[in-house]
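Please inspect the sequence and the structure shown here before reading on.

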Amino acid sequence: MRIAILSRSRSIYSTKRLVEAAEERGHEVKVVDTLRCYMSIASHRPTIHYRGDTLGEFDAVIPRIGASITFYGTAVLRQFEMMGTFPLNESVAVTRSRDKLRALQLLSRRGIGLPVTGFARAADDIGDLIQMVGGAPLVVKLLEGTQGIGVVLCETKKAAESVLEAFMGLNVSIMVQEYIKEAGGADIRCFVVGDKVVAAIKRQAQPGEFRSNLHRGGTASLIKITPEERSTAVRAARIMGLNVAGVDLLRSNHGPLVMEVNSSPGLEGIESATGKDVAGLIIGFLEKNARKDKTRTRGKG
Ligand code: ADP
């Protein structure tokens, strides 16, 4: 197969591992810097130009699109789809999962367990907003935040009110969420490939911290997940339309709750904690499924 990897740099761990895994299996791989692609959308025969030349045909494309370039990255991915290239994850699915509110709305509609969540932009009754998610303690999240930045635990109603007032003044969208205390500062990252969870890790926050992000000093370890957690993760990925996804769960007293479904999950934490060749499993998925013109959307979304 000829495989393109859309990524800003080939030195990123996940990109490097995907290149290695594909080459080991005898495929030809090209890392394509998403932002350097340019294309004509008026042409009958859609093509992508790159560094002064047309990019040529690929059997499959692996999008590794960073959150900050979602808009341009999904447009490039859509162009691949219009050319009939099989996307590991489709542009529509990537867009869906990047919009946190849209993603939670879709998951809740299909009955996936979620923390009680409210969202707001300029609510004029903060007291009611707090009441809506069951009062303090609660977690306030800036919608644009990643790696735990902009995620605040408010232990009292007073604290929640002042944090919400401050955020409302910033003209940003926010999420207000019930605090899942029993998760004990841990979350579970389930790595889904196709219809299976191929690896799972528990991320545990540092003592005194509730955010388990590895960037915030959290530590990763191997974990055995329950059948319910397994099926929740697989269903969540399927609802998003993602073939490959990192599904983050919180363990609550009433079962697994989905926090987020990530369309470009990193490989470093999961491979080093589990010792599994996740990159190889992803390439294996492409070997089984990548067919020309087999994209459901062909860029229509
Ligand atoms: P980001 O997308 O910026 O990583 P998250 O929403 O994943 O933000 O939150 C960061 C971390 O905070 C999570 O990994 C989890 O450990 C903790 N956390 C987030 N929401 C809750 C919640 N409602 N209850 C308990 N812990 C939470």
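The model is predicted, so local features are reported only at pLDDT of at least 70 and side-chain atom pairs only at pLDDT 80 or more, while totals for chains, interfaces and linings use all residues. Residues are numbered from 1 along each chain as its sequence is written, and side-chain values use heavy atoms, with hydrogens and water left out.

**Domains**

The chain is divided into domain 1 (2–89), domain 2 (97–110 + 182–284) and domain 3 (117–179); these bounds come from an automatic or database domain assignment. Between the C-alpha centres of domain 1 and domain 3 the separation is 38 Å.

**Ligand site**

The ligand is surrounded by 20 residues, of which K141, G148, E178, S212 and N213 are the closest; a residue counts as near if one of its heavy atoms lies within 4 Å of the molecule. Because domain 2 (97–110 + 182–284) and domain 3 (117–179) both give residues to this shell, the ligand lies between them. At least two shell residues each are supplied by β9 (138–142), β11 (174–178) and β16 (255–262). Strands (E, at least two residues) and helices (H or I, at least four residues) are DSSP runs, numbered from the N terminus.

By class, the shell holds seven nonpolar, seven polar and six charged residues. In this scheme Ala, Val, Leu, Ile, Met, Phe, Trp, Tyr, Cys and Pro count as nonpolar, Asp, Glu, Lys and Arg as charged, and the others, Gly among them, as polar.

| Protein atom | Ligand atom | Distance |
|---|---|---|
| K141, polar side-chain atom | oxygen | 2.6 Å |
| I180, backbone N or O atom | nitrogen | 2.9 Å |
| D187, polar side-chain atom | oxygen | 2.9 Å |

On its own the ligand has 540 Å² of accessible area, and the protein covers 94% of this; the areas come from the Shrake-Rupley method with a 1.4 Å probe.

**Sheets**

Four strands form an open antiparallel sheet in the order β8-β11-β9-β10. β8 (117–120) and β10 (151–154) stand at its edges with a single partner strand each, so one side of each is left without a neighbour in the sheet. Neighbouring strands here are turned by 20° against each other on average, direction ignored; the axes are lines fitted to C-alpha atoms, and angles run from 0 to 180 degrees between N-to-C directions. Two strands are taken to pair if DSSP finds at least two bridges between them. The antiparallel strands β8 and β11 are joined by four bridges, and F119 has M175 in β11 as its bridge partner.

A further open antiparallel sheet has three strands in the order β3-β4-β5. Its edge strands, β3 (37–38) and β5 (53–54), each pair on one side only. Two bridges join β3 to β4 (residues 49–50) in antiparallel fashion, and Y38 stands opposite H49 in β4.

**Local backbone features**

A136 and P137 are joined by a cis peptide bond with omega of about -5°. P137 belongs to the loop between α5 (126–132) and β9. R51, although not a glycine, has a positive phi of about 50°, and R51 is found in the loop between β4 and β5.

Technical notes. A polar contact is a pair of N or O atoms within 3.5 Å; within protein, one must be able to donate a hydrogen and the other to accept it, and residues adjacent in sequence count only if both atoms are side-chain atoms.
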